[in-house]
Amino acid sequence: MPNEKNLLRRWLNGQVDWSAMLEQQQTEPPKAAAPYEPHWDAADARRAVRRGQWAYTTLAVASCLLLALFLLLTVANLPPYGSDSAPTVNEVAQRYVEKGTEETGAVNTVAGLILDYRAFDTLGESFVLFTAMCAVTMLMNAPGRRRVRKLDQDIVDYYQDPIIRTVCKMVIPIILLFGIYILLNGHLSPGGGFSGGAIMASALIIYALVWGGERAAKAIPAKTVRIIVLCALGFYACSKTYSFFTGSNHLPSIISTGTPGRILSAGLILPLNVSVGFVVCCTMYSFYMYFRRGDV
Amino acid sequence: MNGMFSHLIENYQACVAVVLFAIGMCMLLFDKNLLKKVIGLDIMDSGTFLLLADRGYITGRSVPIISDGVTDMAHYINPLPAGLVLTGIVVSVSVSALMLGLTIRIYNKYHTLNMDALYLIMSNRRKGGRI
Amino acid sequence: MIMTIFRLILLVGLIVCAAATALAKKPMQAVIIYMAFSVIMSVVWIMLESPDLAITEAAVGAGITSLLLFLTLRRLNLIDQDEAHRRHEEILKKKAPTAEQKEEADHAQ
């Protein structure tokens, strides 16, 4: 066999005789090909799926019916709806309602409950929000300008529409103000950290939607969002540590409950509402930006 | 048996909560699309919260916001279940967001959302196939 | 009496919305019906004398969760657009519909 490297030059110079090579190859008998054995073909797959489907459907129907039956049995044995002699209306609820304003200073009993008597649970819940934000960051974070710009391109440019642009210019500050109002009045009227934070987040989300992801990323950089979340959680933990420490050691604490009914009252409830609101706002805004763009 | 049935009719709101829970669980188990499973989990959460808050209501009494300095317990509903549900609603949205992120990643990798197809592809890849 | 009837109507609406979500064929239909379910749930919280829960459910359930579901639909390419929406998007992106599509639209009318 002629050398592969020189083959082209020799053929161009007319020195290669193809007929000799063809005759050589014809004398060799062709090798028998190995039989092809697929180890997973369509009929097997369909049979397996159908068998598993039947077993799964039966078990699922049985477990759903059983669970619903047991739950209905439980409901039938519950105390009647709206009765005041139920076991849940006991001295715990009595203490929370009667001494609530006096001990916490909050007019809204539920706010006093979740941010003073049971503030540890709310701290745990803020940590759940923070964990969800970390997890979504790890899953959806795809920084890098080309990838982010590619995801941004599919979104309709609402900035071109004059109605949306004008209305949003007027409405975003009002929504933000409304969210701050609900946040600050958590201990006086229905509201509090979670709802106020969600409303503030929706104002920021409308801004990111209309003005585009890049301008929103410049106006609300990722570092700011993370620093706000960490500071809010740290402040909640530290201030509530002080409160627990002085309370359990029967020491007087410098934070007084104030006059119920005024804004600057209720001890630590107002700052804790603000920090929970910031955590919720930043978490919801970063959820939106990671889902839309891959980068805050 | 008759007494049990009349109790069920009396607690109709808790029955509705159990029905919502069952519908959510059916969506979770029977729907092949991953996104509808996530929505089913959300509906299950809502059913649970309805059952919890339903236990705090007392007929004839009003919102637990102290008004006019009246701190007698006979005027307000039980505030405790409302506090529990408030935490629950926010945890529900966190879990939903995490599951939706996972759904997007699964779609990016396997380009399908059907549970049967996903199961076949994953089991095939585990056995060293070529799908 | 009237409040009881109103509460019954709301609860029946809840069950109808949940069943419709379960039986919806397309994921986009399920998400939109889930938004309505959240709003009805918010009114049910008010009937149970808990305004904190009502505000939080309206802001978080009907707002944030539905928003995240829609964003997921966009990333999964499951948003089905009808003709009017597609044309509106083309106008917003400053792309005039081609002559072929204009003719098609005229013939369809």
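This is a predicted model: local features need pLDDT of at least 70, side-chain atom pairs count only at pLDDT 80 or more; totals for chains, interfaces and linings use all residues.
**Figure 1. Chain B is built from helices.** Chain B contains five helices and zero strands. Read from the N terminus, its elements follow the order α-α-α-α-α. The C-alpha trace of chain B extends about 70 × 40 × 15 Å along its principal axes. Its radius of gyration is 22 Å, whereas a compact globule of 131 residues would have a value near 14 Å. Of the 131 residues in chain B, 45% are buried. Among contacts in chain B with a separation of 6 or more, 52% join residues 24 or more positions apart.

**Figure 2. Chain A is also built from helices.** The secondary structure of chain A consists of 13 helices and zero strands. Its C-alpha trace spans about 110 × 55 × 50 Å along the principal axes. A compact globule of 296 residues would have a radius of gyration near 19 Å, but the value for chain A is 34 Å. Buried residues account for 29% of the 296 residues in chain A. Of the contacts in chain A with a separation of 6 or more, 73% are between residues 24 or more positions apart.

**Figure 3. Chain A meets chain B.** This contact involves 45 residues from chain A and 46 residues from chain B. On the side of chain A that touches chain B, the elements giving two or more residues are α3 (42-76), α4 (91-98), α6 (109-117) and α7 (119-140) of chain A. The residues on that side of chain A comprise 32 nonpolar, eight polar and five charged.

**Figure 4. Helix α7(A) packs against helix α4(B).** Two packed helices are described by the angle between their axes and the distance between the axes. Here α7(A) and helix α4 (residues 80-110) of chain B pack at an angle of about 10°, and their axes are 10 Å apart. The two helices α7(A) and α4(B) are therefore roughly parallel, a description that applies to angles under 35 degrees. From α7(A), the residues in this contact include Val128(A), Leu129(A), Ala132(A) and Val136(A). From α4(B), they include Val91(B), Ser94(B), Leu98(B) and Arg105(B). By class, the contact of α7(A) with α4(B) has 13 nonpolar, four polar and three charged residues.

**Figure 5. Helix α6(A) crosses helix α13(A).** The axes of α6(A) and helix α13 (residues 269-292) of chain A come within 10 Å and cross at roughly 85°. The helices α6(A) and α13(A) are therefore roughly perpendicular to each other, since angles of 65 to 115 degrees count as such. In α6(A), the residues taking part are Ala111(A), Gly112(A), Leu115(A) and Asp116(A). Their partners in α13(A) are Ile269(A), Leu272(A) and Asn273(A). The contact of α6(A) with α13(A) divides into four nonpolar, two polar and one charged residues.

**Figure 6. Helix α12(A) and its buried residues.** Helix α12 (residues 222-248) of chain A has 27 residues. From its first C-alpha to its last, α12(A) reaches 39 Å, close to the 39 Å expected at 1.5 Å a residue. Val225(A), Val229(A), Ala232(A) and Tyr236(A) are buried in α12(A). An α-helix has 3.6 residues a turn, so residues three or four places apart point the same way. Helices α7 and α13 of chain A are included in what covers the buried residues of α12(A). Just after α12(A), His250(A) has a positive phi of about 55°.

**Figure 7. Chain C meets chain B.** In this contact, 30 residues of chain C touch 34 residues of chain B. On the side of chain C that touches chain B, two or more residues come from each of α1 (2-23), α2 (27-47) and α3 (51-75) of chain C. The most come from α3(C), which gives 13 residues. This side of chain C has 20 nonpolar, six polar and four charged residues.

**Figure 8. The surroundings of Ser38(C).** Ser38(C) lies in helix α2 of chain C. Ser38(C) counts as buried because it has 20 C-beta neighbours inside 10 Å, and 20 or more are required. Leaving aside residues up to four places away in sequence, Ser38(C) touches Glu57(C), Gly61(C), Ala62(C) and Ser66(C). Ser38(C) and Ala58(C) are 20 residues apart along the chain, and their C-alpha atoms are separated by 7.0 Å.

Notes: Residues are numbered from 1 along each chain as its sequence is written. Chains are lettered from A and ligands numbered from 1 in the order in which they are written. Two residues are in contact if their C-beta atoms, placed from the backbone, lie within 7 Å. Helices (H or I, at least four residues) and strands (E, at least two) are DSSP runs, numbered from the N terminus. Ala, Val, Leu, Ile, Met, Phe, Trp, Tyr, Cys and Pro count as nonpolar, Asp, Glu, Lys and Arg as charged, and the others, Gly among them, as polar. The radius of gyration is taken over C-alpha atoms; the globule rule is 2.2 Å times the number of residues to the power 0.38. A residue is buried if 20 or more other C-beta atoms lie within 10 Å of its own, exposed if 12 or fewer, and partly exposed in between; C-beta atoms are placed from the backbone. Axes are lines fitted to C-alpha atoms, for helices over the stretch in contact, and angles run from 0 to 180 degrees between N-to-C directions. Angles under 35 degrees count as roughly parallel, over 145 as roughly antiparallel, 65 to 115 as roughly perpendicular and the rest as oblique. The expected span of a helix is 1.5 Å times one less than its number of residues.
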